Amino acid sequence: MADDRAGWSAAERAEIANHQSNRSWTYIDRSDVPEGRSIVRLIWVYKRKRSGALKARLCVQGCAQVHGVDYDQTFCATLRPTSLRVFASLASTCGLRMRRWDFVAAYLQGELQDGKV
């Protein structure tokens with residue numbers, strides 16, 4: 001496992017880069033946090049894929065969040081049936097076989113509305 005340190009570190013850097021490129025968060029100073037609010041902690045979740053690839057995900061500790069205080073919207077990245085039909089149609093037209101997809105950081109692509117939360 002010690003030889004995997006570089007791989008896990010690279011996976012963490014890739015995750016941070018995904019968040020930065022998608023502007024997932026805004027850095028704030030602790031002194032700018034409104035009274036009565038707290039900063040929600042982040043944790044790293046690590047997974048070794050079947051292919052051997054190392055994945056690192058930066059996650060919010062959801063158990064520490066209160067609906068209506070810390071968040072008011074949620075997002076789940078899913079494929080719409082119409083999109084799947086378009087992919088299948090294109091694959092059929094081009095004589096290609098469909099197997100599976102792996103979209104990097106699909107969960108960061110959600111469009112959430114700015115709110116007062």
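Colleague: What makes you say that strand S1 (residues 42-48) and strand S2 (residues 54-60) pair?

Modeller: The bridges do. This is a predicted model, and in it S1 and S2 run antiparallel to each other over seven bridges. Pairing asks for at least two bridges, so seven bridges qualify S1 and S2 as a pair. As an example, lysine 47 has lysine 55 in S2 as its bridge partner.

Colleague: And what lies between S1 and S2?

Modeller: Five residues, and the two strands form a hairpin. Glycine 52 sits in that turn with a positive phi of about 100°.

Colleague: On to the rings. How many aromatic pairs does a search of the whole structure find?

Modeller: Two aromatic pairs turn up. One of them joins tryptophan 8 and tyrosine 46, with 5.3 Å between the centres and 80° between the planes.

Colleague: Why does the pair of tryptophan 8 and tyrosine 46 tie together parts of the chain?

Modeller: Tryptophan 8 belongs to helix H1 (residues 5-21) and tyrosine 46 to strand S1, so the pair connects parts 38 residues apart in sequence.

Colleague: Why is the pair of tryptophan 44 and tyrosine 46 called stacked?

Modeller: The centres of those rings are 6.3 Å apart, with the planes at 20°. Rings pair when their centres lie within 6.5 Å, and planes under 30 degrees apart count as stacked, so this pair meets both limits.

Colleague: Is tryptophan 8 buried or exposed, and how do you know?

Modeller: Tryptophan 8 has a relative accessible area of 18%, and the limit for buried is under 20%, so tryptophan 8 counts as buried. Tyrosine 46, at 40%, is partly exposed, and tryptophan 44, at 30%, is partly exposed too.

Colleague: Which residues is tryptophan 44 in contact with, leaving aside its neighbours within four places in sequence?

Modeller: Tryptophan 44, which lies in strand S1, is in contact with Glu12, Glu15, Ile16, Ala56, Arg57 and Leu58.

Colleague: What makes aspartate 4 and arginine 48 a salt bridge?

Modeller: Their closest N and O atoms are 2.5 Å apart. The cut-off is 4 Å, so the pair passes.

Colleague: Which parts of the chain does the pair of aspartate 4 and arginine 48 tie together?

Modeller: Aspartate 4 is in the segment before H1 and arginine 48 in strand S1, so parts 44 residues apart in sequence are tied together. Aspartate 4 is buried at 17% relative accessibility, whereas arginine 48 is partly exposed at 40%.

Colleague: How many salt bridges does the whole structure have?

Modeller: The search finds two. Glutamate 15 and arginine 57 form one of them, at 2.7 Å from N to O. This pair links distant parts of the chain, with glutamate 15 in helix H1 and arginine 57 in strand S2, 42 residues apart.

Colleague: How do you know whether glutamate 15 is buried or exposed?

Modeller: Buried means under 20%, and glutamate 15 has 1%, so glutamate 15 is buried. Arginine 57 has 24% and is partly exposed.

Colleague: Why does cysteine 94 count as exposed?

Modeller: Its relative accessibility is 53%, and exposed means over 50%, so cysteine 94 is exposed.

Colleague: What share of the 117 residues in the chain is buried?

Modeller: Buried residues come to 12%. The chain exposes about 10,100 Å², with carbon and sulfur atoms supplying 51% of it.

Notes. Residues are numbered from 1 along each chain as its sequence is written. This is a predicted model: local features need pLDDT of at least 70, side-chain atom pairs count only at pLDDT 80 or more; totals for chains, interfaces and linings use all residues. Side-chain values use heavy atoms; hydrogens and water are left out. Buried means under 20% relative accessible area, exposed over 50%, partly exposed in between (1.4 Å probe, protein chains only). Accessible areas come from the Shrake-Rupley method with a 1.4 Å probe; for residues, only the protein chains shown count as cover. Helices (H or I, at least four residues) and strands (E, at least two) are DSSP runs, numbered from the N terminus. Rings of Phe, Tyr and Trp (its six-membered ring) pair if their centres lie within 6.5 Å; planes under 30 degrees apart count as stacked, over 60 as edge-to-face and the rest as tilted. A salt bridge is a side-chain nitrogen of Lys or Arg within 4 Å of a carboxyl oxygen of Asp or Glu. Contact means heavy atoms within 4.5 Å.
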